[in-house]
Amino acid sequence: MKLWGGRFTKETNKLVDDFNASISFDQRFYEQDIKGSIAHVTMLATQGIVSDDEKDMIIAGLEGILADIRSGKLEITNEYEDIHSFVESNLIERIGDAGKKLHTGRSRNDQVALDMRLYIRSEVEETDALLKDLLKVILRIMKENIDTYMPGFTHLQKAQPLTLAHHFGAYFEMFRRDRGRLCDIHERMNYCPLGAGALAGTTYPLNREYTAELLDFKGATNNSMDSVSDRDYVIEYLCALSIIMMHLSRFCEELILWNTNEFHFVEMDDAFSTGSSIMPQKKNPDVAELIRGKTGRVYGDLLALLTTMKGLPLAYNKDMQEDKEAFFDSRDTLIKSLTVFTAMLRTVTFRTEDMERGAAGGFTNATDLADYLVRQGVPFRDAHRVVGELVAHCLSENKAILDLSLPELQAFHPAFQSDVYEAISLKACIERRAIPGAPAPDMVEQSIQEARSRLSKESVH
């Protein structure tokens, strides 16, 4: 049953019906559509636009439809154009002419905009909750590894020593910012478009603020044209999902590298690994690789929607139906990726002895050696040159700096004294970095306490 056929003199071509229909994917909105309709008819009754008896009949009919869909008694089928047509047609079939009044003062344009906002608002909240779970896992790993030494890298080359807790703290900050973005999106999108009509409002005396209140919005949207043509909140959410996926992908990339024989920093749990059909020794980090790969898929959905929206004149255009499949695909990909990543991370085993050995090699204490000379009064640029020459010598002799005797060190500069060995030990290199945001254990412990406090307070609500 079409809700708009009065002006037409022939049936729509079946090809057009199939091409035009959105019921196959927007049926996900059934709860939001019914919830919005109940709020709309409640407002209509308070304004005297429908009677209280009609309101009660409509609400009872809508609640019955919702219950039947949830129980499986009522199936959403493709004979309808969209979820709005499905709900309204079933309502009219159940309660008769009173059901025909539900659409008074409303267009499918503001109706779908409402459904989308309600749905995305709940998804923002769900995504935030999943990120919070991940942050708790990261905090637990940080707490357990404040004194786990490992090499830090730049350009994928060993740079300076730090701790696993400090390294994971960087990811904590990334995902914490992601939660902040979700909070911003929730704040901006939390306004109700109902009452915008097709694009120019309506002549009925609607109480838009009351409808917004019933649906837990902060208020009504300001401009009717923008209300039905705005998809910024969808794009913002897809952008936030893309950034979250980027952070997950970077994390996965490191775990994949650390899981190799060459690094040997982590052991992936058997439950989150796969084998080879031909090579019996293989244990592959497929979960991490798939998350890394699916990141491009979410990027593609964002770019697709940006491209769809870039040339649309005001107000509503059918092109905007394309927002839903891109959104659903990104949402599903992110939720699955974030959920499985958190579960996988909980089971990772860290090879702390190998990490510490990795930190001891690769001249990660070279900067501290230069700083030692600076503390002896040597200008930093001269100290930098001396240590560079010393590293070149060690490479030619296949030695570490700590393998050199004091006379060997003094051959490069007389400022070296016997306390140099303690000054460039891993423990000293890390503990001396005791400014806020640095890897010294006291600083990391302080960061963990602050992070735990923020985590308990921050929310999208």
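Let's start at Thr-104, which sits in the loop between α5 (83-95) and α6; helices here are DSSP runs of H or I with at least four residues, numbered from the N terminus. Keep in mind that this is a predicted model, where local features need pLDDT of at least 70 and side-chain atom pairs count only at pLDDT 80 or more. Residues are numbered from 1 along each chain, and side-chain values use heavy atoms, with hydrogens and water left out.

Is Thr-104 buried or exposed? Thr-104 is buried, at 17% relative accessible area, where buried means under 20% with a 1.4 Å probe, protein chains only. Leaving out neighbours within four places in sequence, Thr-104 touches His-40, Leu-44, Ile-49 and Tyr-204 (contact means heavy atoms within 4.5 Å). A polar atom of the Thr-104 side chain also lies 2.7 Å from the backbone oxygen of Lys-101.

Move along to helix α6, residues 108-144. At its start, a side-chain oxygen of Ser-107 comes to within 2.9 Å of the backbone nitrogen of Asn-109.

One partner of α6 is helix α3 (residues 30-46): the two pack at about 120°, axes 9 Å apart. Axes are lines fitted to C-alpha atoms over the stretch in contact, and angles run from 0 to 180 degrees between N-to-C directions. Among the residues that meet are Gln-32 and Lys-35 in α3, and Leu-114 and Tyr-119 in α6.

Definitions and conventions
The expected span of a helix is 1.5 Å times one less than its number of residues. A polar contact is a pair of N or O atoms within 3.5 Å; within protein, one must be able to donate a hydrogen and the other to accept it, and residues adjacent in sequence count only if both atoms are side-chain atoms. Buried means under 20% relative accessible area, exposed over 50%, partly exposed in between (1.4 Å probe, protein chains only).
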